[in-house]
Amino acid sequence: MPDIKSMTLKELEQYMETIGEKKFRAKQLYEWMHKKVVRSFDEMNNIPKKLKEKISQDAGMLSVKEVECFTSKIDGTAKFLFELHDGSIIESVLMKYKHGNSVCISSQVGCRMGCRFCASTIGGLTRCLEPSEMLDQIYHIQYTTGERVSNVVIMGTGEPFDNFDNVMKFFEIINSENGLHISARNITVSTCGLVPRIYEFADRNLAVGLAISLHSPNDEMRKELMPIANKYTIKEIMDACDYYIAKTNRRVTFEYSLVKDVNDAPEHARMLIDLLSGKLCHVNLIPVNPIEERSFEQSEKDSVYRFQKLLENAHIRATVRREMGRDINAACGQLRKRYAESKEVQ
Ligand code: SAH
């Protein structure tokens, strides 16, 4: 049974025709799902009962079910754990900023990229998320908190470019004027650097922001932290970024997780400067969030700010990622993992 919430408007129109319905019903349905963001077929009061019955036989309206929510008393950051139809658990985060509300969503259940410092990859990849499951993370958060979501980052569990087609469909639907109409400029996708997909993404001319998880200024060190570095070199990533910049005229964000005594020395900053000088870019420094399973330690505050200063002195914009929701803190993927473990114990 087709998952109608994952369909673009065009696909839904085609689907209506194949089931013998009028094409205009597609737009009505689409707006109920993606603009008015209803949670049941009952609320769709201009759709004939017969059609609702036909499409609701197998497909429900909600693809995610909230199982837990932790809200920070400090800054209102909220972490959500969702259960999917197959029992998989994913997590999403709502962050409140002065400029608006940002939601960080997951793109896969687990991940197969194997980055050494990341908790999401420890159990490997279970499966990719459908567009509806990515959309519903946002729809649910907007509905339950009553907060309008203005920004979206795909930086939760998973490698979005390892789920390329579904993520592109997600962009189309979330950006649609018949949906929430979140501007492409307010969406950022983060990748560990799947080079061919960066080109493909740039060719879509979407104006969606691109963030690259670099974490290291040279290939040797990157290979130690990220297995994907054995497949693509930093030079190949930089060429792909140049292509994206030329196509979109948007700056690329480079994420650099600072690990104590691994990649946080001034010489590393200098290598990074050589790599990025003159590029339309921005560096986001992330003091690594230590996970139990690995022995990585967070860089000292002084090293973090020294690193930032060196970059800024070389005219490379660099910000240190603000730690949101310190009191509910759990490194990427840790909440989900802990929840799964607690269920196994019971
Ligand atoms: N797979 C994508 C997106 C998900 S990870 C990517 O690699 O970009 C989002 C960001 O969090 C990445 O930059 C990732 O490297 C980083 N990250 C993962 N675990 C982390 C940890 N324990 N501490 C700090 N950053 C982490």
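This is a predicted model: local features need pLDDT of at least 70, side-chain atom pairs count only at pLDDT 80 or more; totals for chains, interfaces and linings use all residues.
Numbering runs from 1 along each chain as its sequence is written, and side-chain values use heavy atoms, with hydrogens and water left out.

**Stop 1: the ligand**

Now show the polar contacts, meaning pairs of N or O atoms within 3.5 Å. A polar side-chain atom of Ser190 sits 2.6 Å from a ligand oxygen. Glu255 also brings a polar side-chain atom, 3.1 Å from an oxygen of the ligand, while Cys192 uses a backbone N or O atom at 3.5 Å from a ligand oxygen. How much of the ligand does the protein bury? Taken alone the ligand exposes 530 Å², and the protein buries 96% of that (Shrake-Rupley method, 1.4 Å probe). Elements are DSSP runs numbered from the N terminus: helices are H or I with at least four residues, strands E with at least two.

**Stop 2: Gly156**

Jump to the loop between β7 (149-154) and α5 (164-175), where you'll find Gly156. Gly156 is partly exposed at 22% relative accessible area; the scale is buried under 20%, exposed over 50% and partly exposed in between, with a 1.4 Å probe and protein chains only. Leaving out residues up to four places away in sequence, Gly156 touches Cys104, Ile105 and Ser106, contact meaning heavy atoms within 4.5 Å.

**Stop 3: helix α3**

Select residues 49-56 and pick out the buried ones: Leu51, Lys52 and Ile55. They span an arc of only 100° around the axis, so they lie on the same side of α3; the arc is that of the directions from the helix axis to the C-beta atoms. These buried residues pack against α1 (9-18) and α2 (24-34).

**Stop 4: Pro131**

Pro131 is in helix α4 (residues 131-145). Is Pro131 buried or exposed? Pro131 is buried, with a relative accessible area of 1%. Beyond its neighbours within four places in sequence, Pro131 contacts Ser6, Asn166, Lys169 and Phe170.

**Stop 5**

In α6 (residues 195-203), select the buried Val195, Ile198, Phe201 and Ala202. Their arc of only 115° around the axis puts them on the same side of α6. They pack against α5, β8, β9 (209-213) and α8 (234-248).

Keep going along the chain and check the backbone. Most residues other than glycine have a negative phi. Just after α6, however, Asn205 takes a positive phi of about 50°. Ala207, in the loop between α6 and β9, has a positive phi of about 65°. Finish at Asn249, in the loop between α8 and β10: its phi is positive too, about 60°, and the residue is exposed at 62% relative accessible area.

Definitions and conventions:
A polar contact is a pair of N or O atoms within 3.5 Å; within protein, one must be able to donate a hydrogen and the other to accept it, and residues adjacent in sequence count only if both atoms are side-chain atoms.
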